[in-house]
Amino acid sequence: MSELYRPAEPVALQFTGSAGEYFRIWIVNLCLSVLTLGIYSAWAKVRRKRYFYGSTLLEGSAFEYLGNPVAILKGRIIVVLAFAAYSVLQQIYAAFSLVLLVVILVFLPWVIQRALQFNARNSTHRNLRFGFHGTKMDIFGLLLIGGLLVPMTLGMAYPFYFAMKRRIFVDNSAYGEQRFSFSATTGDYYVAALKVSLAFIGFLVGSIVTLGIGLLPLYLLLRAYAEASFARLAWRNTMLGGIRFDCGWTAGGLFKLYFVNALAVLVSFGLLVPWAAIRSARYKLERISLQSEHGLGGFFAAAQENVGAVGDEAGELLGFDFGL
Amino acid sequence: MTAIRALYFDGKSSAGHQVTVGLDAQRVLRVRGAGIELGWPLGEVRASGRIGSSWRTLYFPDGSQCETADNDGVDQMFESREPRAARLLHRWESGLGYALAAVVITVSAAFAGIYWGIPALAKRVAFALPAATESLIGRDALAALDRFVLALSRLPAERQDTLRKLLAGMSSDKDGAGGYRLEFRWGGRAGANALALPAGIIILTDELVALSKDDRELEAVLAHEIGHLRQRHILRHILQDSATALLIAVTVGDITSLTSLAAAAPTLLLQAKFSRDFEREADDFALDYLARRGIPLEVFAAILQRMDEKRPAGKDGPNYLSTHPATRERIERARGAR
């Protein structure tokens, strides 16, 4: 039995996708989705994810996405029917929309849990599946904190919520039978949030000094700073068995990435969306690295079970994303 | 025998092995590496479809697999077994010319769908909807208007009766189909106005009744609203709006929010155009009705003119942005019609 190699140095993810190649995949996906009135979009989604996963290498072997388009299509049909019923009923019976909202909130934890499960279980590396073991109650508690405590404390509880969200996601994720673990504390999140708040004051002052001209770029810079600092905090406190992670995203790097992307997408009427997607993936993936004493060969498979795709689709449509 | 280099994973652990994969004369796939000597008939092995130059996987019956970046090698081995659809898809994705054709097809298909497809579908659904559903919608819409915009009418009961009789007389006209209900309200913010709601409800505001100098003018306005009701314009509007939003969410779902915004802008302009088309249809019905009853078309033009003068200046924006056709244009149409 031979190991590929044993790294002592940090090893970064490698991304081999190209904009030219992805542009053709993207436009064919979009074309077939429009021509089939959206039915093909399930296959399009799988094709897109397979391209990105299959172009992301770790120690010389690629990730793989195994989501079944038919399962995704079924999930999508259910979500579209629910969404259509909601939007029609909302327009027609204004009074019922509140009742419907409550019904949706009850189903939300289930939907989100299934989404995370489906996505993890259909991601593999080295022929081992990832997994998500969080329960509906975990998600329900999280939604309660995010939906009630955060607004009630006028956002003061937001770092607490943000830390809890990441902890639930990481601690319940697994590669094969090995669980990930998360070591950042709520205090770490408050420190990071404090720095972002100071940056926000800088943003306000800067916007006023430049008479509003700097508003948009400065806002983008603020967003980039917040995203980079929370991502670094999260990754540096994530472990998988004996493996440590590192993240090298910087505020300046993300700012340049988003600024150029937004400009390119706008002036090209959306035709440069694939180019922007490839640039983002390259920047973000190639700055995440792993350090391990024993290499990646020592993980073992977990018992298998199948998960439907309803949750995955609903989670996506509702914009709920843990942002791995 | 051509061989490709690949990584072998048994599916039980993450340990990887460098192997070569080749097809022998008996069409058996041979996997060879240090300490590994495996073979399966080609028919029992499945290969993942090609997507650009991303990595491919060969799935073996026992759950183990080989992964490789040698796409051409895999294509050669599995050429005869790859589904036709997968081959066509890959060929379409391979040429820049094909990709440009896809851009043209996408844009024209999306436009055609929103311009013709959805309105046609909404029309069919609106006419197929059961009467019970329609009356529920109408009742709720009226309740919502009462709560937020309209107030109780101050019109004397006998005046209301006269106008109700006028509408009853109109609907007994053999093309009028009957079953309409006239409601009077104080317009408030809505001002001098008339509205048609699903299930045959027509609302006249006190301000509009006061504005009219002749009941034949109100008859023309009522005819216009009957035109809306006969064509189920309000229902179709609700259905079109929801369907368009849904279509955009589903097909453009994978794209960033920035481009969905860009996609929504022309849609809004199209919606405005549909509203104007509906107004024109209702006007045509009203003018046709007046002509049949021998009422001069001028009465419709006159009430439109007075409604326009009552409106605060500048509220009637340029034609292409407005949901109502500019009133001047409607007055000219009324005067220009035979």
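## Two helices crossing in chain B

In chain B, helix H7 (residues 215–230) packs against helix H10 (residues 298–310) at an angle of about 85°, their axes lying 8 Å apart. H7(B) and H10(B) are therefore roughly perpendicular to each other (a label for angles of 65 to 115 degrees). On the H7(B) side, B:Arg216, B:Glu217, B:Ala220, B:Val221 and B:His224 meet B:Val299, B:Phe300, B:Ala302, B:Ile303 and B:Arg306 of H10(B), where contact means heavy atoms within 4.5 Å. Sorted by class, this contact has 6 nonpolar, 1 polar and 3 charged residues.

A word on the basis: this is a predicted model, with local features needing pLDDT of at least 70 and side-chain atom pairs counting only at pLDDT 80 or more, while totals for chains, interfaces and linings use all residues. Residues are numbered from 1 along each chain, chains are lettered from A, and side-chain values use heavy atoms, without hydrogens or water.

## A nonpolar patch on chain A

Turning to chain A, a nonpolar surface patch of about 770 Å² is made by A:Met137, A:Phe140, A:Leu144, A:Leu148, A:Leu149, A:Met152, A:Phe160 and A:Tyr190. Helix H5 (residues 136–152) of chain A gives the largest share, 6 residues, and A:Phe160 sits in helix H6 (residues 158–171) of chain A. Patch residues have over 30% relative accessible area (1.4 Å probe) and no salt bridge, with nonpolar side chains joined within 5 Å.

## Salt bridges

Over all chains, the count comes to 20 salt bridges (a Lys or Arg side-chain nitrogen within 4 Å of an Asp or Glu carboxyl oxygen). One of them pairs A:Arg236 with A:Asp246, their closest N and O atoms 2.8 Å apart. A:Arg236 lies in helix H8 (residues 215–236) of chain A and A:Asp246 in strand S10 (residues 243–247) of chain A, so the pair ties together parts 10 residues apart in sequence.

How values were computed
Axes fitted to C-alpha atoms, helices over the stretch in contact; angles between N-to-C directions. Helix = DSSP H or I, 4+ residues; strand = E, 2+ residues; numbered from the N terminus. Parallel < 35°, antiparallel > 145°, perpendicular 65-115°, else oblique. Nonpolar A, V, L, I, M, F, W, Y, C, P; charged D, E, K, R; others polar. Patch = residues over 30% accessible without salt bridge, like charges linked within 9 Å, V, L, I, M, F, W, Y side chains within 5 Å.
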